[in-house]
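Have a look at the sequence and the model first, and then we'll walk through the pieces together.

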Amino acid sequence: MELISIGKFAKMVGVTPITLRRMQARGDFMPYHITKSGTRYYSYEQLKEFSNAPKAEKLVVGYCRVSTTAQKDDLQKQIENVKSYMYAKGYRFEIISDIGSGINYNNKGLKQLVNKINNHEISKVVILYKDRLVRFGFELIDYLCEINGIELEVIDNTEYSKEQELTDDLIQIVTVFANRLYGQRSKKTKQLIDEVKKNAKGNEN
């Protein structure tokens with residue numbers, strides 16, 4: 001009998017090898033054969049079985065973000081707006097939210113979202129504005145969604161960011177590069193950051 005490797009089988013049924021391993025761990029869908037070294041193989045009968053099985057409807061994820069804890073009220077309003085939109089669309093959804101800079105790709109919620117995209121766990125991502133997802137690199141995450149068959153839906157395509165958020169992100173960028181160039185405790189680093197803050201404050205007045 002000809003068998004199919006886990007990688008090839010995953011592509012044929014539209015899931016990831018990680019998903020198949022998780023299904024095996026739960027006892028939901030077992031490989032036809034596992035070698036002594038642990039390599040998993042599936043049969044063509046299992047391919048038919050998997051393809052004909054009813055698929056559970058995947059959730060839509062609404063992602064919301066603000067930059068600082070001082071914006072918690074803004075975050076709540078953003079969440080309510082996204083919820084109202086998805087209720088109106090009739091989506092089955094969950095909300096992932098973050099409080100953190102738009103240039104910080106280590107935000108817990110963002111990493112959770114990317115993992116769900118990469119594992120084909122969701123059908124769609126909904127955001128209120130583009131920069132609520134990330135400040136830079138929106139196109140990259142959009143492409144990640146595209147290659148995984150997931151739609152990225154932006155409710156409002158107008159610019160949103162408040163001036164203070166842009167200032168905070170600029171200061172963070174300057175801080176990172178100044179630390180690399182001069183060192184975290186260098187006087188030059190402190191002077192450069194203070195100058196950026198001073199200019200930003202002057203522009204607000």
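Let's start with H3, which lies across S1 and S3 and runs at about 75° to S3. The names come from DSSP runs counted from the N terminus: helices are H or I runs of at least four residues, and strands are E runs of at least two. Angles here run from 0 to 180 degrees between N-to-C directions, with axes as lines fitted to C-alpha atoms, for helices over the stretch in contact.

A word on the source: this is a predicted model, where local features need pLDDT of at least 70, side-chain atom pairs count only at pLDDT 80 or more, and totals for chains, interfaces and linings use all residues. Residues are numbered from 1 along each chain as its sequence is written, and side-chain values use heavy atoms, with hydrogens and water left out.

## The three-stranded sheet

S1, S3 and S2 make an open sheet in the order S1-S3-S2, with antiparallel pairing. (Two strands pair if DSSP finds at least two bridges between them.) The edges belong to S1 (3-5) and S2 (33-34), each with a single partner strand, so one side of each has no neighbour in the sheet.

Between S1 and S3 (residues 40-43) there are three bridges, in the antiparallel sense. Ser-5, for instance, has Tyr-41 in S3 as its bridge partner.

## How H1 meets its helix neighbours

H1 (residues 6-13) and H3 (residues 44-52) have axes that come within 10 Å and cross at roughly 30°. That makes H1 roughly parallel to H3, a label for angles under 35 degrees, while 65 to 115 counts as roughly perpendicular, over 145 as roughly antiparallel and the rest as oblique. Lys-8, Phe-9, Met-12 and Val-13 of H1 make the contact with Tyr-44, Gln-46, Leu-47 and Phe-50 of H3, where contact means heavy atoms within 4.5 Å. By class, these residues are six nonpolar, one polar and one charged. For those classes, Ala, Val, Leu, Ile, Met, Phe, Trp, Tyr, Cys and Pro are nonpolar, Asp, Glu, Lys and Arg are charged, and the others, Gly among them, are polar.

What about H1 and H2 (residues 17-26): at what angle do their axes cross? They cross at roughly 100° and come within 8 Å, which makes H1 roughly perpendicular to H2. On the H1 side you'll find Ile-6, Gly-7, Phe-9 and Ala-10, and on the H2 side Pro-17, Leu-20 and Arg-21. This contact has five nonpolar residues, one polar and one charged.

## The four-stranded sheet

Now for the parallel sheet: four strands form an open arrangement in the order S5-S4-S6-S7. S5 (93-99) and S7 (151-154) stand at the edges with a single partner strand each, so one side of each is left without a neighbour in the sheet. Neighbouring strands are turned by 25° against each other on average, direction ignored.

Seven bridges join S4 to S5, and Arg-65 stands opposite Asp-98 in S5. Four bridges join S6 (residues 122-127) to S7, with Ile-127 opposite Val-154 in S7.

## Helices on the parallel sheet

H4 (residues 72-89) packs on this sheet, touching S4 (59-66), S5, S6 and S7, and its direction makes about 160° with that of S4. H6 (residues 138-147) packs on the sheet too, touching S6 and S7, with its direction at about 135° to that of S7.
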